[in-house]
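Dear colleague,

Please find the structure below, placed here for your files.

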Amino acid sequence: MAGARHRLIAPRAPLTAPVAPTIEAVGDVDVTSTRMRSSIRAAVERYVIRGGREGYDRLLLLARDRRPDTAALLQRAGAGPGMRCADLGCGGGEVTLELAALVGASGSATGVDMDGLKLDLARAAAARRGIANAEFVELNVNEWNETAAYDLVFSRFVLQHLRHPVDMLQRMWAAVRPGGVIVVEDADFDGWCCHPFNDGFEFFLRTYGQVLARSGGDHTFGRKLYAGFIEAGIPAPDVRLVQPVYLEGDAKWLPWTTLDASGDAIIAEGVASAEEVQTALASLSAFTEDASTLISGPRIFQAWARR
Ligand SMILES: C[S@@+](CC[C@H](N)C(=O)[O-])C[C@H]1O[C@@H](n2cnc3c(N)ncnc32)[C@H](O)[C@@H]1O
C-alpha cells in the first residue's frame, strides 16, 4: 500500500517551513453593519488542510470512498432532471459533477470554493467527461448569499471548518426555492477509531481537533448538524448516520493524507513540532500498510429538509 500513497501524494519538501495562512484569524468582533459583519465573517477562520494539487488528489480519494453514500443521500433527497443545484465548498467538484449528471442538460450545478487551483482541476475534469452544465465559482462561502435561487443546495465536510456554521445553514436555506431541498453531510471526528492502538493515529485525532479549534472550526460538528438545522430555522430534517471502515485499499490512507496535509497548520499553530508530525506520519504509515490493522472513518451525519 505504500505504492498507493506515492501514487496519490506527490513528493514534497519535509515539514519544516510552515506555509503562511492565506486568511488570518481575527477573533470574534461585535459589529453592527451588515457589510462589516460580512467581511468579518470572511476573515474569522482559515482552512487547515493544504489545498492546491495535493488537496485535489486527497479529495479525489475522499470522493471515491464517499460516492455511494452521497449518491444514496442525493437520491433520497430527490435530486433529479431539470434541477438547479449549488455545491458549497465543492473542493475538487466531484459531487458538483455528480449533481450535473443527475440533473441532466435541462438542469445545472454550480460548485463554489475558495481554492482556485482545485476549481481549475474540476473544470478540466468536467471538460474531459463532456459535462457542460457544471460551473465553478471561486468564492469564500461566508460571502455566498442568494435568495430562492436553487432546487437543491448541498455541502459536504465544510461546516466543521467554519466559525459560524449556523449562519451558513441559514444562507443555504434562504437560497432554496419553495419545494427545493437543503442537503448537508458533515463528520464527527471523535468517531474515528483504529485497532490495535497506534500512536500516530492518536496523534492525528488529537492534533487535528486542536488545530481545527484554533482556526475557528469544530471537529465534532457532524453530531451538531441536527441542532444546527433547528437553530437555523430549517424544519424537520431527516437525519442518517454512516460510518466507513477500512481494512486495506486507498481510502485506508485518508487519516495519513489528512495528517500530512494538516501538518503545516499543526506546526504553524504550535500544536506540535515538525519532528513530532514526522514521527506520527511514519508510525501511521507503517500501521496503514499493515493488512492486519483496522481503521474506521469518522461518523458522518447526513441531514436534509424540503422547503
Ligand atoms: C474537506 S473539503 C470537502 C470538499 C468537498 N465538499 C468534498 O466533499 O469532496 C472542504 C473544502 O471546503 C473549502 N473551504 C473551506 N472553507 C471555505 C470557505 N470559507 N470558503 C470557500 N471554500 C472553503 C476548502 O477549500 C475545501 O475544498
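In what follows, a residue counts as near a molecule or strand if its C-beta atom, placed from the backbone, lies within 6 Å of it. This is a predicted model, in which local features need pLDDT of at least 70 and side-chain atom pairs count only at pLDDT 80 or more, while totals for chains, interfaces and linings use all residues. Residues are numbered from 1 along each chain as its sequence is written.

The ligand

The ligand is surrounded by 21 residues, of which the closest are Gly89, Gly91, Met114, Val141 and Arg156. Two or more residues of this shell come from each of helix H3 (52-76) and helix H4 (94-103); helices (H or I, at least four residues) and strands (E, at least two) are DSSP runs, numbered from the N terminus. H3 gives the largest share, three residues. Sorted by class, the shell holds ten nonpolar, six polar and five charged residues. Here Ala, Val, Leu, Ile, Met, Phe, Trp, Tyr, Cys and Pro count as nonpolar, Asp, Glu, Lys and Arg as charged, and the others, Gly among them, as polar.

The chain and its confidence

The chain contains ten helices and ten strands. Of its 307 residues, 45% are buried; a residue is buried if 20 or more other C-beta atoms lie within 10 Å of its own, exposed if 12 or fewer, and partly exposed in between, with C-beta atoms placed from the backbone. Among contacts between residues at least 6 apart in sequence, 81% join residues at least 24 apart, two residues being in contact if their C-beta atoms, placed from the backbone, lie within 7 Å.

The mean pLDDT (the predictor's confidence in each residue, from 0 to 100) is 87, and 85% of the residues reach 70 or more. Over residues 1-44, pLDDT stays under 50, and the model has 57 contacts beyond four places in sequence for this stretch. Where pLDDT is low, the predicted coordinates should not be read in detail.

The buried residues are Glu94, Val95, Thr96, Leu97, Glu98, Leu99, Ala100 and Val103. They pack against H3, strand S1 (84-88), strand S2 (108-113), helix H5 (116-128), strand S3 (134-138) and strand S4 (150-156). Just after H4, Gly104 takes a positive phi of about 70°.

In helix H6 (residues 165-174), the buried residues are Pro165, Met168, Leu169, Arg171 and Met172. Seen down the axis of H6, these fall within an arc of 165° and so line one face of the helix; the arc is that of the directions from the helix axis to the C-beta atoms. Their cover includes S1, S4, S5 and helix H8 (225-231).

Strands

S1 is mostly covered, with four of its five residues buried. S1 pairs with S2 in the parallel sense over five bridges, and Cys85 stands opposite Ala109 in S2. Two strands pair if DSSP finds at least two bridges between them.

An open sheet of three strands has the order S6-S9-S8, with antiparallel pairing. Strand S6 (193-195) and strand S8 (245-246) stand at its edges, each with a single partner strand, so one side of each is left without a neighbour in the sheet. S6 pairs with strand S9 (residues 294-296) over three bridges in the antiparallel sense, and His195 stands opposite Leu294 in S9.

Individual residues

His195 is also joined to Pro196 by a cis peptide bond, with omega about -5°. Pro196 lies in the loop between S6 and helix H7 (199-214).

Glu185 belongs to strand S5 (residues 176-188) and is buried, with 24 other C-beta atoms within 10 Å. Leaving aside neighbours within four places in sequence, Glu185 is in contact with Thr70, Leu73, Arg156, Phe157, Ile300, Phe301 and Gln302. Glu185 and Ala303 are 118 residues apart in sequence, yet their C-alpha atoms are 6.4 Å apart in space.

Phe157 lies in the loop between S4 and H6, where its phi is near 60°, a positive value in a residue other than glycine. Ala148, in the loop between S3 and S4, has a positive phi near 45°. Are these two residues buried or exposed? Phe157 is buried, with 20 other C-beta atoms within 10 Å, whereas Ala148 is exposed, with 11.
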